[in-house]
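Here is a short briefing on one protein model, arranged by topic. Look over the sequence and the structure before reading the points below.

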Amino acid sequence: MGATVRAMPPAPFTFGPVTLDRHLRNEAAVLGARSFYDDPFFVHLSAEPMLRARGLALYLRSHLAALGDTAVASCARDGAGTLVGMCVWQKPGTYPLPVTAQAREMAGALWALIPRPPAVAKGLRYTLAMDKARPREDHWYLCLLAADPMAWRRGIGTALMEPSLETIDEDGLPCYLETQKEANLAYYRRFGFEETARLTPSPGGPALFTMTRPVR
């Protein structure tokens, strides 16, 4: 079998592992709000643009804080040092999170959704569906893969995913993710993920796709 040839990261960007301290969580929350601004799930929760942007940032900040030291993260920055990409995995054997961490994440989600009370029920349906579908055996969980829309199609996601998957393969464990964008299925198949379920947690809401990457 021939060696795999990996494209070099785009020249304007630098990549590397990071620790999710408070400053980086704030940066990542802003990045995620930009990246997922038109995500069908978040549009379903809040059609009002300003409320959606606010809620996304609040939720992502609390989600990353709840992960704590269960997270393994890497990021991309442009030449000016601005965060333009983020990849965050949850380590095997750390699911579910401790009750205190879950409570912290739930509080952040409620704070994000409280301006639109109907969204709380919708969000809860998705949360319960995700929890039910998630594998119980040890696995690496892709919590976040985001790139600034101004830098889309510049290879940032690939440059973040490939090194982390190489490290994960050394563990001999599967990987798992969810996405609400059907267009993302083809993208993740490039990394060896395959669709495992298609859920519809909320009437009239977007489908929730789960994907697994088998042990390599």
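Contact means that heavy atoms lie within 4.5 Å. In this predicted model, Met86 touches Val18, Leu20, Leu24, Ala28, Leu31, Ala73, Ser74, Cys75, Leu144, Leu145, Ala146 and Leu160, leaving aside residues up to four places away in sequence. The points below cover confidence, the cores, the sheet and the helices.

**Confidence**

- The protein has a mean pLDDT of 91, and 95% of its residues reach 70 or more.
- Residues 1–5 have a pLDDT below 50, and this stretch has zero contacts in the model beyond near neighbours in sequence.

**Nonpolar cores**

- In soluble globular proteins, nonpolar side chains tend to be buried together.
- The largest nonpolar core here has 32 residues, and the members that touch the most others are Leu20, Leu64, Leu67, Leu83, Met86, Val88 and Leu144.
- At least two residues of this core come from each of α1 (22–35), α2 (40–45), α3 (49–67), β2 (71–77), β3 (83–90), α4 (99–113), α5 (117–133) and β4 (140–147).
- With six residues, α3 supplies the largest share of this core.
- A second, separate core holds 23 residues, including Trp140, Leu145, Ala151 and Ile156.

**The sheet**

- An open sheet is formed by seven strands in the order β1-β2-β3-β4-β5-β7-β6, with mixed pairing.
- The edges are taken by β1 (14–18) and β6 (194–199); each has a single partner strand, so one side of each is left without a neighbour in the sheet.
- On average, neighbouring strands of this sheet are turned by 20° against each other, direction ignored.

**β3 and its partners**

- How many of the eight residues of β3 are buried? Eight of the eight are, so β3 is largely enclosed by the rest of the structure.
- β3 pairs with β2 in the antiparallel sense over seven bridges.
- Within this pairing, Cys75 has Met86 of β3 as its bridge partner, and Arg77 has Leu83 of β3.
- β2 and β3 form a hairpin with five residues between them, and Gly81 in the turn has a positive phi of about 90°.
- β3 also pairs with β4 in the antiparallel sense, over six bridges.
- In β4, Leu142 is the bridge partner of Trp89.

**Helices on the sheet**

- α1 lies across β1, β2, β3 and β4, and runs at about 105° to β3.
- α5 lies across β4, β5 (175–179), β6 and β7 (208–213), and runs at about 25° to β7.

**The pair α3 and α4**

- Two packed helices are described by the angle between their axes and the distance between the axes.
- The axes of α3 and α4 come within 8 Å and cross at roughly 175°.
- Angles over 145 degrees count as roughly antiparallel, and α3 and α4 are therefore roughly antiparallel to each other.
- On the α3 side, the contact is made by Arg54, Gly55, Leu58, Tyr59, Ser62, His63, Ala65 and Ala66.
- On the α4 side, the contact is made by Ala101, Arg104, Glu105, Gly108, Ala109, Trp111 and Ala112.

**Gly93**

- Gly93 lies in the loop between β3 and α4.
- Is Gly93 buried or exposed? A residue counts as exposed over 50% relative accessible area, and Gly93 has 60%, so Gly93 is exposed.
- Gly93 and His139 are 46 residues apart along the chain, and their C-alpha atoms are separated by 7.3 Å.

How values were computed. Residues are numbered from 1 along each chain as its sequence is written. This is a predicted model: local features need pLDDT of at least 70, side-chain atom pairs count only at pLDDT 80 or more; totals for chains, interfaces and linings use all residues. Side-chain values use heavy atoms; hydrogens and water are left out. pLDDT is the predictor's confidence in each residue, from 0 to 100. A nonpolar core is a set of buried Ala, Val, Leu, Ile, Met, Phe, Trp, Tyr and Cys residues joined through side-chain atoms within 4.5 Å. Buried means under 20% relative accessible area, exposed over 50%, partly exposed in between (1.4 Å probe, protein chains only). Helices (H or I, at least four residues) and strands (E, at least two) are DSSP runs, numbered from the N terminus. Two strands pair if DSSP finds at least two bridges between them. Axes are lines fitted to C-alpha atoms, for helices over the stretch in contact, and angles run from 0 to 180 degrees between N-to-C directions. Angles under 35 degrees count as roughly parallel, over 145 as roughly antiparallel, 65 to 115 as roughly perpendicular and the rest as oblique.
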